[in-house]
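Morning, everyone. I have one chain to walk you through, and I'll keep it quick. Please look at the screen.

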Amino acid sequence: MAKQNVAEQFVDILTRAGVERLYGVVGDSLNPVVDAIRRNSAIEWIQVRHEEVAAFAAGAEAQVTGKLAACAGSCGPGNLHLINGLYDAHRSMAPVLALASHIPSSEIGTGYFQETHPDQLFRECSHYSELISSPKQMPRVLRTAIQHAVGRGGVSVVSLPGDVAAEEAPQKAADAAEHDLVTTLPSVRPGDAEIEKLVRLVDGAKRVTLFCGSGTAGAHAEVMEFAERVKAPVGHALRGKEWIQYDNPYDVGMSGLLGYGAAYEATHECDLLILLGTDFPYNAFLPDDVKTVQVDIRPERLGRRAALELAVWGDVRETLRCLTPRVAAKSDRRFLDKMLKKHADALEGVVKAYTRKVEKHVPIHPEYVASVVDELADADTVFTVDTGMCNVWAARYLTPNGRRRVIGSFTHGSMANAMPMAIGAQFTDRNRQVVALCGDGGFTMLMGDFLTLVQYDLPVKIVLFNNSSLGMVELEMLVAGLPSYGTTNHNPDFAAIARAAGAYGVRVEKPKQLAGALKEAFRHKGPALVDVVTDPNALSIPPKIKADMVAGFALSAGKIVLDGGVGRMVQMARSNLRNVRGL
């Protein structure tokens, strides 16, 4: 094998692990690695304008592909900018390898220019964070980092001084770089003893409810088969929506701050609640007087949100494959039918408020915008969603179908995530439609990387919900009885900015303009931005809401916190009622 320097070896190992691109901003300490990428046809350097965008993009790529993705930052402030996006990737269980280049190794510990300690800085948002101080460490340390990111689902960080990256890799180390890497996950099933305990609990229950999270990915068929066997209503958390709501005759909606339908009632009125692949953080929405079972691939998550009758360590699909044939089939549908009717009635009640004369309402209802986007978007669109009110519209109006994806900062809750995530999602497939639902507050935080879309001619479509405010924060202030303060944005014409940057841009101020503008933007071959002026007062709040029910997405009690439309889901609910005898 020809002699390599450490940077070349680093890049070769990344490509062997399936990494196709490295997002980042160049800098002197990164030069050896960037130059190695320039000379390696198997990997591409993606130049962004801000390192936070690099981390968000890598996290989104990993979530879309299920494979390892990577980002990099130069020493000091450069890699420090990665931290927010890495927190999001880590909490989303997205396998991401971050390279934090470092100051010259001889200067570490002297207070040198741009000195930080990245191996310490990133420990809280990673499974693995280590410093390479010698070329002899590199193959093993990088392989170990990759195995942590892939095997445990999350972030690994390797800190590498620029001078070490430029050194020659020892031949023995170069040979070791051929070592095989694990880049796929195994199936994990519970032991027979746990399965038998679960069988007894299910057989002994009269009213079973399933509550599903992102851990049900790939297990749709198994969840539906089990729900039919035990006649269980199926609710979901926000991160479970895309995996479980479609083709689901047992659907009773979503629980949580953005919830709708009868999921809350179904989880509280059952006598056995089974949590499937969810780390749902709002324990105020979970019952404290119902027998609860939790199934999760991550054992540290078992029981940290609710007291458990049984904790089951395993992935959802394999657990249900073992469980379903062993439980007795139930014939009594009364509980299921009751919840399905409650769900349909709840959706019918709230949808009416947003279906009357919406075509004439100015400023435009954001609910209407979301429903039109949902109608016009492709069947396999990847939606990226900003934190805040865009989460509300995505939760209630985007219709999953098993092919679409919906990605957001749903656990970390960062602003400014949608456009950066769209960059990573679009690089995985330029022919797949990617639509970013951006708030004006989030978009302007990292607006500079709109130029990245233009530079690489990425056909991302930005739908900007421009209400000139930080809407979710205003809502929190309103519920707390406070006047809104510091939440108003004085915005430019974003469409004009898009056109000045070389992209397609159109501004929409009237509802009758909306569908045509979206169609034109979606047809455009390159990046496009639709600046929609929306009503900042569109969200109505029930008068019985209490001040402690909304505070940074943490709340104490309540069934329905936000009142709003739910788009085509009402049709699905009514369709499901066909299965209810006598209705």
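Which strands does helix 7 lie across? Helix 7, residues 138–152, lies across strand 4, strand 5 and strand 6. It runs at about 160° to strand 6. Such angles run from 0 to 180 degrees between N-to-C directions, with axes fitted to C-alpha atoms, for helices over the stretch in contact. Contact means heavy atoms within 4.5 Å.

Some ground rules. This is a predicted model: local features need pLDDT of at least 70, side-chain atom pairs count only at pLDDT 80 or more, and totals for chains, interfaces and linings use all residues. Residues are numbered from 1 along each chain as its sequence is written, and side-chain values use heavy atoms, with hydrogens and water left out.

Now the overview. The chain has 24 helices and 19 strands. Both are DSSP runs numbered from the N terminus: helices are H or I with at least four residues, strands are E with at least two. Of the 583 residues, 59% count as buried. Buried means under 20% relative accessible area, exposed over 50%, partly exposed in between, with a 1.4 Å probe and protein chains only. Take the contacts with a separation of 6 or more: residues 24 or more positions apart account for 74% of them.

Six strands form an open sheet in the order 2-1-3-4-6-5, with parallel pairing. Two strands pair if DSSP finds at least two bridges between them. Strand 2 (44–47) and strand 5 (128–131) stand at the edges with a single partner strand each, so one side of each has no neighbour in the sheet. The twist averages 20° from one strand to the next.

Strand 4, residues 96–102, and strand 6, residues 155–161, pair in the parallel sense over seven bridges. Within that pair, Leu99 stands opposite Val158 in strand 6. Helix 5, residues 83–91, packs on the sheet too. It touches strand 3 (69–73), strand 4 and strand 6, and its direction makes about 145° with that of strand 6.

Strand 7 (208–212) and strand 8 (234–236) run parallel, joined by three bridges. Cys212 stands opposite His236 in strand 8.

Last topic: charges. How many salt bridges does a search of the whole structure find? There are 28. The criterion is a side-chain nitrogen of Lys or Arg within 4 Å of a carboxyl oxygen of Asp or Glu.

Start with Glu8 and Arg39, whose closest N and O atoms are 2.7 Å apart. Glu8 is in helix 1 (6–16) and Arg39 in the loop between helix 2 (31–38) and strand 2, so the pair ties together parts 31 residues apart in sequence. Arg39 is partly exposed, at 44% relative accessible area. Glu8, Asp35, Arg38 and Arg39 are linked in a network of salt bridges.

Then Arg523 and Glu520, with closest N and O atoms 2.3 Å apart. They sit three residues apart in helix 23 (511–523), separated by about one helical turn. Arg523 counts as exposed at 54%, while Glu520 is partly exposed at 39%.
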